[in-house]
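Let's take a walk through a protein model together, one piece at a time. Keep the picture open while you read, and look for each part as we come to it.

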Amino acid sequence: MKTKPTIFVQIAAYRDPETEATCFDLIQKATNPDRLSIGIIWQGVEGEDDSFISFAQFFPQIKVEKYDAMSSKGACWARAKAQKLYNGEDYALQIDSHMRFEQGWDEILINMLAECDSDKPLLTTYPPDYEPPMKLRKTHILTMRPKEFTPQNIITFTSTLTPIDKAPDKPIPGIVCAAGFLFGKGSYMQEVPYDPNLYFFGEEISMAVRLWTSGWDFYHPNKLVIYHLWTRKGRNTHSGDHKDWTIIDLESKRRVASMLGTIDDAVDLGEYGLGTARSIEDYQNFSGIDFKNRTISKQEKS
């Protein structure tokens, strides 16, 4: 009898009251909840946020590493720590701490991944919205595309909406990835570990280029599977608590810009640099993004 596959779910949670509901929904709606391993990097203020994470002790699938929120260095720092909780599971899913799920989401993702025309596929997108506790926006699927360059040489992404009744039969090839929804074989995290020196802005283009040059291909789901709470009302944020976040952010953006070649400063990226399966020039030709000239081809902008 064939063993059912295991899934590692990594969550970086910063003082988020939605963390509990996210994990409840994640486990309750999985077809095989006993095959899940959930790793949470919890960043909280002791005495203020304890109730947000107390539920975790009742679920054997959940492992929590707790850190004082005031010592946290940001989202990427936490995501990098979360990846270290991976223990050889077949698949890995990176999400935020404010998500909801379709029934059977685990099997949906595994089956969708098998439909991708690649040896190293990754499912990723900006998920549709939900309103707590459980109002899910089920009208459209979302695909990602480049939007524009910021004055700090960081490219931002946006979404294109397709009515659910017009969704294609298979996952949609993409050129970029989302940090809040990334699913694939667990080996992607070992091959391309998260850079803990990044802050927040620039993490997605950094991961997109590093993953793609390491041979991984992006696909956007053609079915509804995961939902995301886009508003930040009602929860604390790292940048709101840390007044010196702009200093970390500037150095983070310099790392990304150096890797992409948009500035001449050479930054030692160590193990967090580009892959060797494909070049950054190949990526620019493939994506239509010209990092040096800060342009995006018309077909990708439309």
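Start with strand S1 (residues 7–14) and strand S2 (residues 36–44): they run parallel and are joined by 8 bridges. Two strands count as a pair when DSSP finds at least two bridges between them. Strands (E, at least two residues) and helices (H or I, at least four) are DSSP runs, numbered from the N terminus. If you want one spot to look at, find Val9, which stands opposite Ile38 in S2.

Before we go on, a word about what you are looking at. This is a predicted model, in which local features need pLDDT of at least 70 and side-chain atom pairs count only at pLDDT 80 or more, while totals for chains, interfaces and linings use all residues. Residues are numbered from 1 along each chain as its sequence is written, and side-chain values use heavy atoms, with hydrogens and water left out.

Strand S4 (residues 91–95) runs parallel to S1, with 5 bridges joining them. Here Ile7 stands opposite Tyr91 in S4. S1 also belongs to a right-handed β-α-β unit, together with helix H1 (residues 19–28) and S2. Right-handed means that, with the strands pointing away from you, the path from the first strand over the helix to the second runs clockwise.

Most residues other than glycine have a negative phi, and most peptide bonds are trans. Arg15 has a positive phi of about 50° although it is not a glycine, and it is buried at 7% relative accessibility. Asn153 has a positive phi as well, of about 70°, and is not a glycine either. You'll find Asn153 in the loop between strand S9 (140–149) and strand S10 (155–163); with a relative accessible area of 16%, Asn153 is buried. For a cis peptide bond, go to the one from Pro132 to Pro133, with omega near 5°. Pro133 sits in the loop between strand S7 (130–131) and strand S8 (135–136).

Now for the empty space. Rolling a probe the size of a water molecule over the atoms shows where empty space is left. On a 1 Å grid over the protein atoms alone, a pocket is an open set of points where a 1.4 Å probe fits, with protein on both sides within 12 Å along at least five of seven lines, and lining residues have an atom within 4 Å of a point. The largest pocket holds about 950 Å³ of space, a volume being the space filled by probe spheres set on the points, which are joined across faces, edges and corners. Its lining has 42 residues, and Ala75, Arg79, Phe200, Glu203 and Arg232 lie nearest its centre. Elements giving two or more residues to this lining include S1, helix H2 (75–83) and S10. By type, the lining of the largest pocket divides into 19 nonpolar, 15 polar and 8 charged residues. Here Ala, Val, Leu, Ile, Met, Phe, Trp, Tyr, Cys and Pro count as nonpolar, Asp, Glu, Lys and Arg as charged, and the others, Gly among them, as polar.

Finish with the rings. The whole structure has 15 aromatic pairs. Rings of Phe, Tyr and Trp (its six-membered ring) pair if their centres lie within 6.5 Å; planes under 30 degrees apart are stacked, over 60 edge-to-face, and the rest tilted. Phe24 and Phe55 make an edge-to-face pair, 5.8 Å centre to centre with 70° between the planes. Because Phe24 lies in H1 and Phe55 in the loop between S2 and strand S3 (62–68), the pair ties together parts that are 31 residues apart in sequence. Phe24 is partly exposed at 36%, whereas Phe55 is buried at 3%.

Key:
Buried means under 20% relative accessible area, exposed over 50%, partly exposed in between (1.4 Å probe, protein chains only).
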